[in-house]
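Here is a brief report on one protein chain. Please look over the sequence and the fold before reading on.

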Amino acid sequence: MLPGAPARRGFSAVSPCALRAQRSGHYSGWPRNKAAGISLNTSVSREWTRSRGTLSILEHFHLRGQGPSGLVPYGQAGDAQEEHRSKFLSWKALSEKGNELGSVLDAPKPRLLSFEAEPTFTLGRRQEDLTAEQTSCLQSPLKVGLTQSFIPQVMRTNRGGLTTYHGPGQIVLWPIVDMHSRLYPKYGVASYANHLETTTQRLLSELFGIQTYIARDEPGVWVSAPTGQPRKIAALGVHHRRHVTALGIAVNVDIPVTGDGSVNPWARFVPCGLDGKLVTSVAAEFGTDSSMGWDLEDLAGRWAALFEEGMLDESKRSRGGGEVEDRLRR
């Protein structure tokens, strides 16, 4: 929510990023993905690296921008997502016309896109237009690290909810899957959202020992806090078309969450309209900063492995077991 706008609740879809540095000692024990460049004939210039781990049905591609930071323009990531999603939708249209053999053998593979975004504020599809003052506030220079300064983009998306931010220090994870595929047990809208949250909870718990919870009316992942204000560490936003998913979840790893608006993007608005609640990150929970180094591509690879476990084993899609209440606003 922006200054001067009424308080409302919503959820944020995702798109994020992070500072690329050296591998963190906190997760030095897990396997590093061996990546190879993938050249695709598309109109958008970008670099892809593909996980070469033990994934069986899920493809994982990590996107990198052309600059030394590797940050990806949000719109370019969206183009990459829609490119693969359109293949799913075209295949489904053919299979519904009776091409049953093709529906099994020629279906696109489920794919996870991960990336770190250039600083971007995104708006929900039903959100009112910003005033000139609100836009100016969001697009004022933002300091990133010790030497960089960005003018954030402001973009409208096809998700629900209100304003959210994506930028260095945050990793976005966008699975593109058919929720009714024959390769794994079917998803419902709510069980798919819960799978995204549960995978993130497992990652934070197993790698960092951070205990989290999910709230019925506030999608995303929250850090357990017996006392004090709730702290959101991951934002959720999902869009489906004919059971094919887009968007996903964004995890705050080393993104600034304190200070004024010149360095802390969250100080420029109320995230997702959740007034009175805080945003946190892995680094903030540890009391560390970017000097320790965070390899977000490795983090995304580990998340991919956990996500695929839940695709194949329905019992790993939820910590509570069973279908959860549909908390998404589509």
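## Strand E5 and its partner E9

This is a predicted model. Start with one residue pair. Threonine 122 has threonine 164, in E9, as its bridge partner. The strands involved are E5, residues 120-123, and E9. They run antiparallel and are joined by three bridges.

## The three-stranded sheet

E5 and E9 belong to an open sheet of three strands. The order is E8-E5-E9. The pairing in this sheet is mixed.

Two strands sit at the edges: E8, covering 153-156, and E9, covering 164-166. Each of these edge strands pairs on one side only. On average, neighbouring strands in the sheet are turned by 30 degrees against each other, ignoring direction.

## The E11-E12 hairpin

Elsewhere, strand E11 spans residues 212-215 and strand E12 spans residues 218-223. Their pairing is antiparallel, with three bridges. Two residues link E11 to E12 in a hairpin. Within the pair, threonine 212 lies opposite valine 223 of E12.

## The whole protein

The protein has 15 strands and six helices. It counts 330 residues, and 54% of them are buried.

How much of the contact set comes from residues 24 or more positions apart? Taking contacts with a separation of 6 or more, such pairs account for 76%.

Methods: Residues numbered from 1 in each chain as written. Predicted model: local features only at pLDDT ≥ 70, side-chain atom pairs only at ≥ 80, totals over all residues. Heavy atoms only, no water. Pairing = 2+ DSSP bridges. Helix = DSSP H or I, 4+ residues; strand = E, 2+ residues; numbered from the N terminus. Axes fitted to C-alpha atoms, helices over the stretch in contact; angles between N-to-C directions. Buried < 20%, exposed > 50% of the residue type's maximum accessible area, 1.4 Å probe, protein only. Contact = heavy atoms within 4.5 Å.
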